[in-house]
Amino acid sequence: MIRSVITGTGSALPVRRVSNAELAVTVDTTDDWIVERTGIRFRHIAGPGETTASLAADACRAALSAAGVPAQDIDLIVLATATPDQTFPASATKVQTMLGIDDCVAFDVAAVCSGFLYALQVADSMLRSGAAKRALVIGAETFSRILDWEDRTTCVLFGDGAGAIVLEARESDEREGRGILAAKLHADGRHNALLYVDGGPSTTGTVGKLRMKGREVFRHAVNNLASVMGEALAIAGLTAEAVDWVVPHQANARILDATARKLGLPAAKVVVTVDRHANTSAASVPLALDVAVRDGRVRKGQIIVLEAMGGGFTWGAAVVRF
Ligand code: UT7
């Protein structure tokens, strides 16, 4: 059978790294509060020359090099972002140009923090249908540009960055072969008001700032993430015992702990980068995946579960034999 196989990963972070203590100089907060409530210690903040597309292109170059695939062989780019360089054109087409790819399919996907899971399932469907052969699937964000730096309940939580994978259609053994084994997505727009941006081209004509009722989002996150991981594992015909690594959306260390506990997974099987990167929205899953691949934790043939939940609400999970 044909499956979509992850053949390379890459990531990119802005040069400037900001500690909690540095934030506390201008924001009414403390290192202790941020660490205790979220597990975050650092985040990277994009400088003037760094944009969602430039970070995405850097992550793609690293992923292409890891996969040994020349950029010209890519025929599909799906970029998940809620912070595109411009309202249009799609930032995916900017990435295409930055990589020197003459012709391919390129578009953005907007599902906020779950964006990478959405982009992954779209790309997987296109690869398995034969519409494309080699894709770059990217999560990239510059949330620092939509934060209200006067609002301490949100501005300490987010960071900027990008992660990318090369996803290739490959012949794969039905029982043991590598590739995406299952994916499940959800959305429930009744919760728009719990996590949103208070502006947009068709309403205010402005970019707007991020607004979040954190405590309510937290409550939904643990339940939704545990249940969608269970659904994706069931589609793959696997149980939690088969999982080698969970690579979750990095919003809050307490959410990661509570979700793993709900599924009966040991914390040692959860890849955690929220301490270093904070919440990078759609970038957080591919960023964490790249970290765990490069430090040797995630290896070929292992079962990994990717999961995320964010604004909308949207949420989803995917099971991959890496
Ligand atoms: O990526 C999309 C998904 N997003 C998430 O998953 C985020 C989910 N939510 C969370 O991670 C947590 O709810 C937060 C980290 C946002 C907040 O943690 P919490 O334990 O739910 O705190 P809280 O909102 O209940 O606030 C507790 C207290 C409040 O003070 P009072 O009312 O108890 O006096 C806040 O004013 O902490 C105060 N507070 C702060 N204090 C210092 C809120 N933000 C800060 C801050 N520094 N930055």
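**View 1. Buried residues in a predicted chain.** Buried residues make up 55% of the 322 residues in the chain. Buried means under 20% relative accessible area, with a 1.4 Å probe and protein chains only. This is a predicted model: local features need pLDDT of at least 70, side-chain atom pairs count only at pLDDT 80 or more, and totals for chains, interfaces and linings use all residues. Residues are numbered from 1 along each chain as its sequence is written, and side-chain values use heavy atoms, leaving out hydrogens and water.

**View 2. The chain and its elements.** The chain holds 10 helices and 13 strands. These are DSSP runs numbered from the N terminus: helices are H or I with at least four residues, strands are E with at least two. The C-alpha trace spans about 55 × 45 × 40 Å along its principal axes.

**View 3. Helix H3.** H3 covers residues 52–67, 16 residues in total. From first C-alpha to last, H3 reaches 22 Å, close to the 22 Å expected at 1.5 Å a residue. That expected span is 1.5 Å times one less than the number of residues. Just after H3, Gly68 takes a positive phi of about 70 degrees.

**View 4. The buried residues of H3 and their cover.** Buried residues of H3 include Leu55, Ala56, Ala59, Cys60, Ala63 and Leu64. An α-helix has 3.6 residues a turn, so residues three or four places apart point the same way. The cover over the buried residues of H3 includes strands E1 (2–12), E4 (76–80), E6 (134–142) and E7 (160–171), plus helix H4 (91–98). Contact here means heavy atoms within 4.5 Å.

How values were computed. Buried < 20%, exposed > 50% of the residue type's maximum accessible area, 1.4 Å probe, protein only.
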